Amino acid sequence: MVVVYSRADKIFRRIVTAGALTSLMLLGLIAAFLIFRSWDTFSQFGFKFITGSEWFSAGEDPLGGATTALVEAQDASVFSIGPMIVGSLVVALIAMFLAVPLSVGGALYIEFYAPKGIYRVLVTLLDLAAAIPSLIFGLWGIQIFTPIGVRWATLLNDRLGFIPIFSVEFENFARSPFVAGCVLAALVVPITTSVAREVYSRTPRDLIDTCFALGGTKWGAIRSVVIPYGKSGVIAGAMLGLGRALGETVAIYLMLNLVFDYSNEILDSAGGNVASMIALKFGEATDKEISALIAAGLVLFVITLIVNMIASSIVQRSTPRA
Amino acid sequence: MNSVPAVDQYPGVEPLRPWAVTRSTRLKNLSRLAVFAFVAFLVTIITPLAKFDGWAVAFLLINVAWVVGQNSRLGAKERRDAVLRVVFTSLAVVAFVPWLSIFVTVLLKGYRAIYPGYFFSDMRTSTPEDEFNIGGAGHAIVGSLIMVAIATVITLPLGILSGIYLTEVRGRMTFLVRFIVQSMAGVPSVVAGLFIFTTVVQPMGKYSGMAGGLALAVLMLPTVSRTAEEVLKLVPDDLRSAGYALGARQWRTAIMVVLPTVKSGLITAGILGIARVIGETAPLLLTSLNTNGFVWNPAGGTVASLPTYIFSMFMYGTEYSAARAWTGSLVLLVLVFGFFTLARRLGATAAQTAKTDSRKARNLKKKS
């Protein structure tokens with residue numbers, strides 16, 4: 001088909017293209033500004049910024065005036081976020097470890113087992129749950145979930161304490177990566193579940209019927225058709241959830257006790273998280289510290305962007321098939 | 001399982017369903033579950049399993065045991081099928097319990113500090129520890145609404161433009177734009193806050209509602225673009241062809257045929273975006289902070305918003321301030337769900353098309 005565009009059409013197309021490219025530009029701008037503002041930090045600390053484990057700042061208020069003495073004192077500052085990156089990964093992995101089975105099970109239940117009457121209700125509830133602000137998850141986590149999580153942590157430590165990651169030096173389980181990870185799991189489950197459910201609902205009917213025609217049970221059909229068919233979609237959903245878990249700020253801020261040290265005890269009341277560290281340190285940060293925090297934001301941005309790009313490329317590759 | 005698919009095609013014809021669950025079977029099932037629940041309760045008394053979660057584990061194990069016993073004469077395949085039914089059901093229950101717990105908690109803890117003045121007064125003349133009949137979150141609600149309005153004014157046109165680009169113009173960068181929009185949905189909220197802090201707050205030298213609104217816009221854009229694209233995809237090609245057949249150019253077809261068709265859907269896109277960002281806390285902590293009084297000028301320094309109000313009340317740490325935080329959460333949750341329901345209602349045209357999809361899904365369920 002040969003399409004001939006009039007002049008008005010060309011203008012229209014140009015305006016629309018410009019509008020569509022804003023999001024592209026925006027992403028580029030975010031990266032550019034973060035790199036620009038964190039340049040000082042990276043040029044001073046280099047790769048050590050990511051591997052080191054010390055955060056020490058001396059100085060003044062970011063928006064107030066700085067005296068020369070204070071600015072000079074800032075040179076003694078050392079910034080690095082190694083434990084925070086590891087901590088972010090640990091908490092996010094705990095969350096995903098809990099969230100993925102729950103999401104897959106929940107999605108399969110909603111799509112294939114739930115009675116007709118409550119199917120609608122469950123899907124609506126799922127949508128609503130995905131809309132709960134993470135701040136409220138944080139409040140709930142502190143006031144309601146923490147006692148339960150601490151009980152689980154005590155139990156784990158009691159029975160499985162011989163496994164290194166479940167052992168602790170001091171028995172203080174509140175605000176530990178484990179409890180924070182549980183709350184984060186509750187936060188991530190709506191996202192991963194709705195993606196998984198959507199993928200499962202697109203399983204070709206014929207394939208499932210074939211299973212039943214061959215005398216298979218429902219589980220047989222799910223195992224041999226639904227799960228393989230939805231695998232890439234579920235992985236993409238899990239990656240989206242992982243991206244969310246890595247970037248989560250306030251819920252972790254409230255649920256986790258930030259400590260600038262590497263630790264391999266997930267039940268201990270000490271952990272790290274890049275996003276909530278930024279929020280925590282931001283209030284009384286010095287000029288140099290803000291540059292370091294922006295550098296931390298850049299690291300977080302790159303990590304989540306990679307995770308999300310993998311997720312969306314899986315989604316885009318698997319969509320046409322459906 | 002209990003009805004024949006494709007019956008919908010012959011309304012009025014109801015086949016006999018001898019396999020349907022009768023009332024007495026249902027009663028039997030329910031009473032069985034009640035007995036199991038009670039036994040599980042007894043288990044929590046005598047064994048280390050404790051509290052509600054321990055009870056749930058006991059209940060699940062009893063159910064699995066019963067299913068295994070029931071189906072032992074049917075063979076391994078059926079048994080596995082039945083056990084997995086119980087497992088999936090309980091996984092779904094476990095997944096839903098936290099959310100239900102959140103709804104209930106917010107309601108139970110949130111209603112305490114509510115009085116009419118809560119929506120109209122600010123915290124200038126009262127402290128977080130005061131009785132609940134003075135002070136309120138009016139300033140925070142106003143601040144939130146102003147910032148969300150700024151974000152909407154910016155993102156709605158951009159989102160619609162990118163939707164049109166992806167569905168109507170279909171330029172060379174379609175794939176890239178879609179990919180970037182999807183990836184952008186995952187930008188951590190705190191990073192959006194940092195970005196606006198460096199580009200707006202620092203040059204202006206002060207925190208402001210404008211900055212907060214811009215930070216929310218960054219987070220809102222992907223949601224709006226994606227929903228707008230989904231909605232525009234629903235417009236049948238016949239309509240476009242009709243437009244062209246009447247001699248309209250592409251721009252006229254797009255503006256006068258396609259967009260009006262999905263008007264409510266595009267509003268839905270905006271509202272979904274609002275529901276997505278109205279509860280964002282982290283970016284506002286970096287861009288608009290919090291204050292105790294009403295601020296109507298988006299460029300006039302720090303502004304309170306519901307999330308930062310809740311956050312600061314909660315961090316204040318007394319019983320009364322925590323109660324105020326929960327009330328704020330209740331208001332926030334009601335706002336979010338209100339916008340969400342509104343979006344659903346308005347998306348009626350979109351739902352019409354989606355209905356065919358869901359009918360397919362339901363047929364699928366019936367057969368399996």
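Where in chain B is the place of B:Trp296? The legends below start there, and every view is of a predicted model.

**View 1. B:Trp296 in its loop.** B:Trp296 sits in the loop that links α11 (282–287) and α12 (306–316) of chain B. Is this tryptophan buried or exposed? B:Trp296 has 11 C-beta neighbours inside 10 Å, so it goes down as exposed. Look for B:Gly143 here too: 153 residues separate B:Gly143 from B:Trp296 in sequence, yet their C-alpha atoms are 7.6 Å apart in space.

View 2. Among the buried ones are B:Tyr309, B:Ile310, B:Phe311, B:Met313 and B:Phe314.

**View 3. Helices α2 and α3 of chain B, packed together.** Here α2 (residues 51–70) and α3 (residues 76–110) of chain B pack at an angle of about 160°, and their axes are 9 Å apart. With angles over 145 degrees counting as roughly antiparallel, that is therefore what α2(B) and α3(B) are to each other. The crossing of α2(B) past α3(B) is right-handed. On the α2(B) side, look for B:Leu60, B:Asn63, B:Val64, B:Val67 and B:Val68; they meet B:Arg79, B:Ala82, B:Val83, B:Val86 and B:Ser90 of α3(B). By class, that contact has seven nonpolar residues, two polar and one charged.

**View 4. The two domains of chain B.** How many residues of domain 1 of chain B are in contact with domain 2 of chain B? Four, and they touch six residues of domain 2 of chain B. Those on the domain 1 side are two nonpolar, one polar and one charged.

**View 5. Where chain A meets chain B.** In this view, 76 residues of chain A are in contact with 75 residues of chain B. Helix α1 (residues 7–45) of chain A gives the largest share of the chain A side, with 17 residues. Sorted by class, the chain A side has 49 nonpolar, 19 polar and eight charged residues.

Technical notes:
Residues are numbered from 1 along each chain as its sequence is written. Chains are lettered from A and ligands numbered from 1 in the order in which they are written. This is a predicted model: local features need pLDDT of at least 70, side-chain atom pairs count only at pLDDT 80 or more; totals for chains, interfaces and linings use all residues. Two residues are in contact if their C-beta atoms, placed from the backbone, lie within 7 Å. Ala, Val, Leu, Ile, Met, Phe, Trp, Tyr, Cys and Pro count as nonpolar, Asp, Glu, Lys and Arg as charged, and the others, Gly among them, as polar. Helices (H or I, at least four residues) and strands (E, at least two) are DSSP runs, numbered from the N terminus. A residue is buried if 20 or more other C-beta atoms lie within 10 Å of its own, exposed if 12 or fewer, and partly exposed in between; C-beta atoms are placed from the backbone. Axes are lines fitted to C-alpha atoms, for helices over the stretch in contact, and angles run from 0 to 180 degrees between N-to-C directions. Angles under 35 degrees count as roughly parallel, over 145 as roughly antiparallel, 65 to 115 as roughly perpendicular and the rest as oblique. A crossing is left-handed if the near helix is turned anticlockwise from the far one by less than a right angle, and right-handed if clockwise.
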